[in-house]
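Hi,

Here is the structure I promised to pass on to you. Have a look at it first, and my notes follow below.

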Amino acid sequence: MAAKQNFSSKIYVVASWCFAACGGLMFGYDIGISGGVTSMDDFLEKFFPRVYRRKLVAKEDNYCKYDDQYLQLFTSSLYLAALFASFGAGKACTILGRRLTIRIASSLFIIAAVISGAAPNLGVLILGRILFGIGVGFGNESVPLFLSEVAPVRYRGGVNILFQLLVTVGILIANIINYFTSTMHRHGWRISLGLAGAPALILFIGSFIIVETPTSLIERSREADGRKALQKIRGVSDVEEEFQQIKEACEAAKQIKHPYKELMKTSSIPMVLISIIIQIFQQFTGINAVMFYAPILFQTVGFKNNASLLSSVITGLINVISTTVSVVLVDKVGRRKLLLQACVQMFISMVVVAVILILYLKPTGSLNKGLAMGVVVFVCLFVMSFAWSWGPMGWLIPSEIFPVETRTAGFALAVSTNMLFTFVIAQGFLSMLCLMKAYSFIFFAGWILVMGLFTMFFIPETKGIPIDAMMERVWKKHIFWSKFMPKDGGKNGVMA
């Protein structure tokens, strides 16, 4: 670029990244809050009395005392709603733009927080969760796209991971709030759920401050505004080369009238498969089983209620610190190395937790203090490796590998897949824990082994490559995926 970016422009750009990334804070808070609330006696007594009575029975099976489909529905209903909302969110991003879609997401979340915090019965509580889910669907679609499109290519990985970093901060804040509200008899859970509106309010305010992405403006035929937005976020007046690149990509995208149909073409198969498979793998690491139900898991191995919540706070803190590692390293060492290293560490951690539980945790009673602390340590090692790899990469890679003509549709497909399998894990983990007991962790370890092999052979490196150059520099040169690419000058349906 011809001119240096001025200081005030840098401040504005960084502030825009941070405000938008608060969509992750909103999402993370909800992940963290649900597990803590479902371990609170006052909450269980009001909405799930059968689980509460079972919890009080001293000789109840450790692995089965929280097995209740309605209790799991409290957590999972959000993700089922987000699954369907993500498709509408993809359309909203295209028609309304990324910024307005972010504003809609935060508004829905604020309404849901009020309803959930004031819920008089289970039906209203679930309604609040569904509204949370629609907000999550819109937020998780629009925020990563926004961050990918406004970030300079050399910082794109780190900027996009701000979303995941704020997810981990949200989880940590939720765990801390749960720790304190658990001692507020009768209504502590209401405070926990109601405070979900706080990060949403920050995002709502931020949606009036951030600039719309140049790509979104240009694809909606607002070229002059797109040029101004690009100059603003780059902090220089000479943006002609990047502007023309975006304009050409958007003009090509306008030829595509049905982007979801375009995803069915041969040349889209690599991006679609990788986006879907990464989302499935992200959930089948077992991370959300751990994060949703961490307090319950730690109670299962012998911690008392407050101690289990405190252990969750420690886990959440490690989650945040480890995600910052990814922000620093992703554009230096690349995506693949982080994914592969994490597979090794997660596999070992899951196997060790499984072995401890299989050998020493009986259906009744609990682990001794040393073994219980061992479980916490290896859960933390598991969370640590996930946080700098599969957590952020699950959002980063799908947001950067699609061409502009199918980007919102492709990313909507990725988000909906994530929500579907998050729903499956949230709805099924406590039942799986009851049925498979400690072998549940062997199940997740098996998936992690498969993930490592898939990454080694099929996930390409995208570090330092402009989004609109992925086709030429990544897919057409990959030893396997190049088979799906069109011949030069050919159509999408013609394989090389």
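Helices here are DSSP runs of at least four residues, numbered from the N terminus. Please keep in mind that this is a predicted model.

Let me start with the surface. Val-344, Phe-347, Ile-348, Leu-449, Leu-453, Met-456 and Phe-457 make up a nonpolar patch there, and together they have about 670 Å² of accessible area. Helix 18 (335-360) and helix 22 (439-458) each contribute at least two residues to the nonpolar patch. Helix 22 gives the most, with four residues, and Phe-457 has its place in helix 22.

Next, the aromatic rings. Searching the whole structure turns up 28 aromatic pairs. One of them is Phe-27 with Tyr-79, an edge-to-face pair at 6.4 Å centre to centre and 65° between the planes. Phe-27 belongs to helix 1 (residues 7-37) and Tyr-79 to helix 4 (residues 69-95), so the pair ties together parts that are 52 residues apart in sequence. Both Phe-27 and Tyr-79 are buried.

Phe-458 and Phe-480 also pair: their ring centres are 5.2 Å apart and their planes are at 75°, so this pair is edge-to-face. Since Phe-458 is in helix 22 and Phe-480 in the segment after helix 23 (470-473), the pair links parts that are 22 residues apart in sequence. Phe-458 is partly exposed, with a relative accessible area of 26%; Phe-480 is partly exposed too, at 28%.

Finally, charges over rings. The charged end of Lys-46 sits over the ring of Phe-47, 5.7 Å from its centre, and the charged end of Arg-129 sits over the ring of Phe-74, 4.6 Å from its centre.

Best wishes

Methods:
Residues numbered from 1 in each chain as written. Predicted model: local features only at pLDDT ≥ 70, side-chain atom pairs only at ≥ 80, totals over all residues. Heavy atoms only, no water. Patch = residues over 30% accessible without salt bridge, like charges linked within 9 Å, V, L, I, M, F, W, Y side chains within 5 Å. Areas by Shrake-Rupley, 256 points an atom, 1.4 Å probe, with all protein chains shown as cover. Salt bridge = Lys/Arg side-chain N within 4 Å of Asp/Glu carboxyl O. Phe/Tyr/Trp six-rings, centres within 6.5 Å; stacked < 30°, edge-to-face > 60°. Buried < 20%, exposed > 50% of the residue type's maximum accessible area, 1.4 Å probe, protein only. Lys NZ or Arg CZ within 6 Å of the ring centre and 35° of its normal.
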